[in-house]
Amino acid sequence: MRPADPELKRWNQRFSEPDYVFGTAPNRFLASKKDLFRKGESALCVADGEGRNSVWLAEQGLEVDAFDFSAVAVEKAKRLAAERGVRVRYEVASVDDWSWQRGAYDVVAAIFVQFAGPETRARMFERMAQALKPGGLLLLEGYTPKQLEYRTGGPSRVENLYTAQMLREVFRDLEILELREYEAELEEGWRHAGRSALIDLVARARPAQPAAR
């Protein structure tokens with residue numbers, strides 16, 4: 001991650017707004033899966049931004065790690081965690097800088113991480129799947145290409161958007177529990193507001209195979 005990276009500069013400027021750009025409430029899809037989580041489980045929030053999702057997971061009793069490449073966003077996330085009285089282990093890191101650990105997490109959450117183009121996304125998705133414990137859950141929400149018609153959030157490049165076919169192929173080694181494309185009204189801060197074309201994925205890492213005798 002280069003200090004002069006224009007993408008980093010753009011996000012730092014965006015997160016420099018005094019208000020929370022995407023609000024402080026958790027992502028609606030993530031919150032709707034509350035019954036899947038158990039206290040004491042380990043969770044990773046990928047490219048967590050200002051902390052709304054990592055803080056909420058910590059409030060559910062999970063042990064949460066989170067990272068984002070924007071130091072400005074991470075400072076706001078730490079503030080939010082302190083205000084809510086929860087502990088989250090935050091780190092300033094990009095997808096390639098983060099110290100990914102194989103089989104480390106019961107839950108990996110990636111909510112609107114569509115800053116990533118195809119090459120970065122391929123590395124990120126592979127590492128997310130590998131970071132799951134056997135039986136661990138991956139939760140992902142993003143925009144589909146139809147979002148370009150709405151322009152109510154997300155990237156302007158179609159190659160950064162998701163389709164069900166693409167996610168099914170990328171995560172073919174996981175058990176797909178839910179994969180749904182739909183449209184809904186979003187109210188997540190001023191950057192995600194209005195009619196939106198969404199895709200949700202819940203997938204589970206397969207149990208470890210018993211060793212051959």
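This is a predicted model: local features need pLDDT of at least 70, side-chain atom pairs count only at pLDDT 80 or more; totals for chains, interfaces and linings use all residues.
**Entry 1: Tyr90 and the cores**

I started at Tyr90 and left aside its neighbours within four places in sequence; Tyr90 is in contact with Asp48, Gly51, Ser54, Val55, Ala66, Val74, Ala77, Lys78 and Ala81. Contact here is heavy atoms within 4.5 Å. Residues are numbered from 1 along each chain as its sequence is written, and side-chain values use heavy atoms, with hydrogens and water left out.

Next I looked up the largest nonpolar core, which has 32 residues. Leu30, Phe37, Leu57, Val64, Tyr90 and Leu139 touch the most other members. A nonpolar core is a set of buried Ala, Val, Leu, Ile, Met, Phe, Trp, Tyr and Cys residues joined through side-chain atoms within 4.5 Å. Buried is under 20% relative accessible area, exposed over 50%, partly exposed in between (1.4 Å probe, protein chains only). I also found a second, separate core of 30 residues, with Trp98, Val113, Ala131 and Ala205 among them.

**Entry 2: Glu188**

I went to strand 6 (residues 175-188), where Glu188 sits. Strands (E, at least two residues) and helices (H or I, at least four) are DSSP runs numbered from the N terminus. Glu188 counts as buried because its relative accessibility is 6%. What does its side chain reach? I found a polar contact of 3.0 Å to the side chain of Arg52, and a polar atom of the Glu188 side chain 3.3 Å from the backbone nitrogen of Arg28. A polar contact is a pair of N or O atoms within 3.5 Å; within protein, one must be able to donate a hydrogen and the other to accept it, and residues adjacent in sequence count only if both atoms are side-chain atoms. Beyond four places in sequence, the contacts of Glu188 include Val21, Phe22, Gly23, Asn27 and Phe112.

**Entry 3: salt bridges**

I searched the whole structure and got 17 salt bridges. The cut-off is a side-chain nitrogen of Lys or Arg within 4 Å of a carboxyl oxygen of Asp or Glu.

I checked Glu178 and Lys33: their closest N and O atoms are 2.6 Å apart. The pair links distant parts of the chain, 145 residues apart, with Glu178 in strand 6 and Lys33 in the loop between helix 2 (28-32) and strand 1 (42-45). Both Glu178 and Lys33 are buried.

Asp200 and Arg180 meet at 4.0 Å, N to O. Asp200 is in strand 7 (residues 192-204) and Arg180 in strand 6, 20 residues apart. Asp200 is buried at 1% relative accessibility, whereas Arg180, at 40%, is partly exposed.

For Glu169 and Arg172 I noted 3.0 Å between the closest N and O atoms. Glu169 is partly exposed at 46%; Arg172 is exposed at 51%. I also logged a salt-bridge network that links Glu63, Asp65 and Arg89.

**Entry 4: the largest pocket**

A pocket, on a 1 Å grid over the protein atoms alone, is an open set of points where a 1.4 Å probe fits, with protein on both sides within 12 Å along at least five of seven lines; lining residues have an atom within 4 Å of a point.

The lining has 45 residues, and Glu7, Trp11, Gln114, Phe115 and Ala116 lie nearest the centre. Which helix supplies the largest share of the lining? I found helix 1, with five residues.
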